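Me: Please take me through the fold of the protein shown below, by question and answer.

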Amino acid sequence: MKISLKIGLKAEDRAVEYLVSHNYSILDRNFHSRFGELDIVAKKDDILHFFEVKYSKEYDAITRITPKKLQKIIKTIDYYMYKKNIDLDFQIDALLVNDKLIEIVENISY
């Protein structure tokens, strides 16, 4: 397994632990479609949260969520909702992970 993939999976594992400790229910991880991937799908207070997990130890990882990446996420969410026959309110959030902390940035869509 590539080192970057191992680091990414470890960051996602930490993110899941963080979300569970903040009363989110984890519904899916690493959902793949031809449009892209959803890192974490969680639910809290009857709202679906689609989390894009980004790890960095040197800079603000939010900058790696580009408009093009966001378009892929939105297409993948549409497919996910269709495939799972879900009709709930949702939002797209970022989970920024570094060696010291985890931060949620809510509603990153434009």
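Me: Which elements make the right-handed β-α-β unit?
Reply: The model is predicted, so local features need pLDDT of at least 70 and side-chain atom pairs count only at pLDDT 80 or more, while totals for chains, interfaces and linings use all residues. Residues are numbered from 1 along each chain as its sequence is written, and side-chain values use heavy atoms, without hydrogens and water. Helices (H or I, at least four residues) and strands (E, at least two) are DSSP runs numbered from the N terminus; a crossover is right-handed if, with the strands pointing away from the viewer, the path from the first strand over the helix to the second runs clockwise. The right-handed unit consists of strand 3, helix 2 (residues 67-83) and strand 4.

Me: How many bridges join strand 3 to strand 4, and in which sense do they run?
Reply: Two strands pair if DSSP finds at least two bridges between them. Leu 48 stands opposite Phe 90 in strand 4, and Phe 51 stands opposite Asp 93 in strand 4. Strand 3 and strand 4 (residues 90-97) run parallel, and the number of bridges joining them is 8.

Me: Which residue takes a positive phi in the hairpin of strand 2 and strand 3, which has 2 residues between the strands?
Reply: Strand 2 (residues 37-44) pairs with strand 3 in the antiparallel sense over 5 bridges, and Lys 43 stands opposite Leu 48 in strand 3. In this hairpin, the residue with a positive phi near 55 degrees is Asp 45.

Me: What is the phi of Asp 46?
Reply: Most residues other than glycine have a negative phi. Asp 46 lies in the loop between strand 2 and strand 3 and is exposed, with a relative accessible area of 56%; exposed means over 50% relative accessible area, buried under 20%, and partly exposed in between (1.4 Å probe, protein chains only). Asp 46 is not a glycine, yet its phi is positive, near 60 degrees.

Me: How many residues of strand 3 are buried?
Reply: Strand 3 covers residues 47-55 and is largely enclosed by the rest of the structure. This follows from its count of buried residues, 7 of the 9.

Me: What is the distance between the end C-alpha atoms of helix 2?
Reply: The expected span of a helix is 1.5 Å times one less than its number of residues. For the 17 residues of helix 2 this gives 24 Å. The model agrees, with its end C-alpha atoms separated by 24 Å.

Me: Which residues of helix 2 are buried, and what arc do they cover?
Reply: The buried residues are Leu 70, Ile 73, Thr 76, Ile 77, Tyr 80 and Met 81. They lie on the same side of helix 2, whereas Pro 67, Lys 68, Tyr 82 and Lys 83 are exposed on the other side.

Me: How many aromatic pairs does the structure hold?
Reply: Rings of Phe, Tyr and Trp (its six-membered ring) pair if their centres lie within 6.5 Å; planes under 30 degrees apart count as stacked, over 60 as edge-to-face and the rest as tilted. The number of such pairs is 6.

Me: At what angle are the planes of Tyr 24 and Phe 51?
Reply: Tyr 24 lies in the loop between helix 1 (3-21) and strand 1, and Phe 51 in strand 3, 27 residues apart. Both residues are buried. Their ring centres are 5.5 Å apart, and the pair is edge-to-face because the planes are at 80 degrees.

Me: How far apart are the ring centres of Phe 31 and Tyr 80?
Reply: Phe 31 in strand 1 and Tyr 80 in helix 2 tie together parts that are 49 residues apart in sequence. Phe 31 counts as buried at 12% relative accessibility, and Tyr 80 at 2%. The planes are at 90 degrees, so the pair is edge-to-face, and the centres are separated by 4.8 Å.

Me: Which residue of strand 5 is the bridge partner of Leu 95?
Reply: Strand 4 and strand 5 (residues 102-105) run antiparallel and are joined by 4 bridges. They form a hairpin with 4 residues between them. The bridge partner of Leu 95 in strand 5 is Ile 104.

Note on methods:
The arc is that of the directions from the helix axis to the C-beta atoms.
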